[in-house]
Amino acid sequence: MSCSSSVFYFPAMRKFKKIVVVDETKMNTSTLEELNKYANEVEVYHDEPTSEEVKSRVEDAEAIIVSWRTQISEEIIDAAKDLKYIGMACSLYDDESANVAVNYAQERNIEVNGIFDYGDPGVIEFVISEVIQLLHGFGEHQWQEQPLELSGQKFGIIGLGTTGKLLAKALEALNVEVYYFSRTRKPEFENAKLKYLELGELLKTCDIISIHLPKNTVLLKENEFKQFGDNKVLINTSLGLPFEEKSFQNWLKVRNNYTIFDGDATAYLPESIINRENVIASQKSAGWSQQTQERLSFKVLQNIQNFLER
Ligand SMILES: NC(=O)C1=CN([C@@H]2O[C@H](COP(=O)(O)OP(=O)(O)OC[C@H]3O[C@@H](n4cnc5c(N)ncnc54)[C@H](OP(=O)(O)O)[C@@H]3O)[C@@H](O)[C@H]2O)C=CC1
Ligand SMILES: O=C(O)C(=O)CO
């Protein structure tokens, strides 16, 4: 009897001719090395380039990877004649808020992929840690004359998406009275400790508010700051400014109004705001950690694999 062995045939995976990592994406070294499996040539940059530099970097790239800090405009896409794939090492919500001209790229048959949910736990840990420090006066600032517990405070969340929901859950465990406002009401998440309020009511009711909106979603203008009033705390970890700058500046002039920003949110603030006594502006990105880097690297690579295997 002849013995036959099974032969498995794995078709060779497609490869890009050239991948260019156009700026500092914070992907880890082993993942950057692994990119060599997916292209004949890989070029990696670790800086914040000007648009002219980006243009020359992408000229002969079939795939590029970019962080949220660098603009990939229509002009840059036009300069990349061989481009088939744009991998964003950051979230991709929509064309309007993205640093990549997503619609323009897609019209030219260029695939654009973002990553999601890679830096969320740190945001919640930042918000809770900073607010506790401010309430108790554990750090440089103390909100009121007497130290206060977070437990029992009226806390508002604006934007009940991924990070907003995680924050609500964590605050629930700390016995905080949590209210939320979001574009879409979510009865399935409401309970005795998480209640929905219209924006105006939320601003009047809550003493502490944390904003969790897509990049550059401006919700707070003069009228909203009036409703929010004095003796309040406003936290922002969203990208871009979720408020009208002038109205925010006026609100900050009131004593005992405090605001807390992480490093990502601070990047959009002028020095005149950052240097105020009642502005707590961290240099660190709330969501960044070793675990975030691993998730980011893994998800960027997985998107490339999925594209090439299609
Ligand atoms: N600083 C950091 O380290 C990090 C920052 N981020 C940033 O945090 C922000 C939130 O992220 P994430 O929670 O993942 O985002 P999601 O998209 O999951 O949630 C955003 C929420 O805001 C709601 N929303 C959108 N537009 C409006 C509007 N006009 N009015 C009211 N609600 C609105 C959404 O809609 P709906 O109510 O319909 O569901 C959704 O619930 C983003 O800016 C992100 O870039 C994220 C991770 C790390
Ligand atoms: O990718 C995002 O949305 C970020 O918040 C980058 O820090």
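Q: Which atom of ligand 1 does a backbone N or O atom of T237 approach, and how is such a pair to be read?

A: A polar contact is a pair of N or O atoms within 3.5 Å; within protein, one must be able to donate a hydrogen and the other to accept it, and residues adjacent in sequence count only if both atoms are side-chain atoms. In this predicted model, a nitrogen atom of ligand 1 has a backbone N or O atom of T237 at 3.0 Å. L213 also uses a backbone N or O atom, 2.7 Å from an oxygen atom of ligand 1. From S182, a polar side-chain atom lies 2.6 Å from an oxygen atom of the ligand.

Q: How much of the accessible area of ligand 1 does the protein cover?

A: Accessible areas come from the Shrake-Rupley method with a 1.4 Å probe; for residues, only the protein chains shown count as cover. Ligand 1 has 920 Å² of accessible area on its own, and the protein covers 86% of that.

Q: Which elements give two or more residues to the shell around ligand 1?

A: Elements are DSSP runs numbered from the N terminus: helices are H or I runs of at least four residues, and strands are E runs of at least two. Here the elements concerned are α5 (120–136) and α6 (162–173).

Q: How many residues surround ligand 1, and how do they divide by type?

A: A residue is counted as near a molecule or strand if one of its heavy atoms lies within 4 Å of it. By that rule 28 residues surround ligand 1, and the closest are T163, S182, T184, K186 and L213. As to type, Ala, Val, Leu, Ile, Met, Phe, Trp, Tyr, Cys and Pro count as nonpolar, Asp, Glu, Lys and Arg as charged, and the others, Gly among them, as polar. The shell of ligand 1 comprises nine nonpolar, 13 polar and six charged residues.

Q: Which residues surround ligand 2?

A: The surroundings of ligand 2 consist of W68, C90, S91, Y118, L239 and D264. By type, four are nonpolar, one is polar and one is charged.

Q: Where is S210, and is it buried or exposed?

A: Buried means under 20% relative accessible area, exposed over 50%, and partly exposed in between, with a 1.4 Å probe and protein chains only. S210 belongs to strand β9 (residues 208–211), and it counts as buried because its relative accessibility is 0%. Contact means heavy atoms within 4.5 Å. Apart from neighbours within four places in sequence, S210 is in contact with V127, F155, G156, I157, I158, L167 and I235. Its side chain also makes a polar contact of 2.7 Å with the side chain of H212. T237 is 27 residues from S210 in sequence, and their C-alpha atoms are 7.9 Å apart.

Q: What phi values do K26 and D117 have?

A: Neither residue is a glycine: K26 has a positive phi near 70 degrees, and D117 has one of about 55 degrees. K26 is in the loop between β1 (16–21) and α1 (29–34), and it is partly exposed at 31% relative accessible area. D117 is in the loop between β5 (111–113) and α5; it too is partly exposed, at 41%.

Q: Into which domains is the chain divided?

A: Domain bounds come from an automatic or database domain assignment. That assignment gives domain 1 (16–115 + 290–309) and domain 2 (120–281). Their C-alpha centres lie 33 Å apart, and five residues of domain 1 are in contact with six of domain 2. The chain has 12 helices and 12 strands, and 50% of its 310 residues count as buried.

Technical notes: Residues are numbered from 1 along each chain as its sequence is written. Chains are lettered from A and ligands numbered from 1 in the order in which they are written. This is a predicted model: local features need pLDDT of at least 70, side-chain atom pairs count only at pLDDT 80 or more; totals for chains, interfaces and linings use all residues. Side-chain values use heavy atoms; hydrogens and water are left out.
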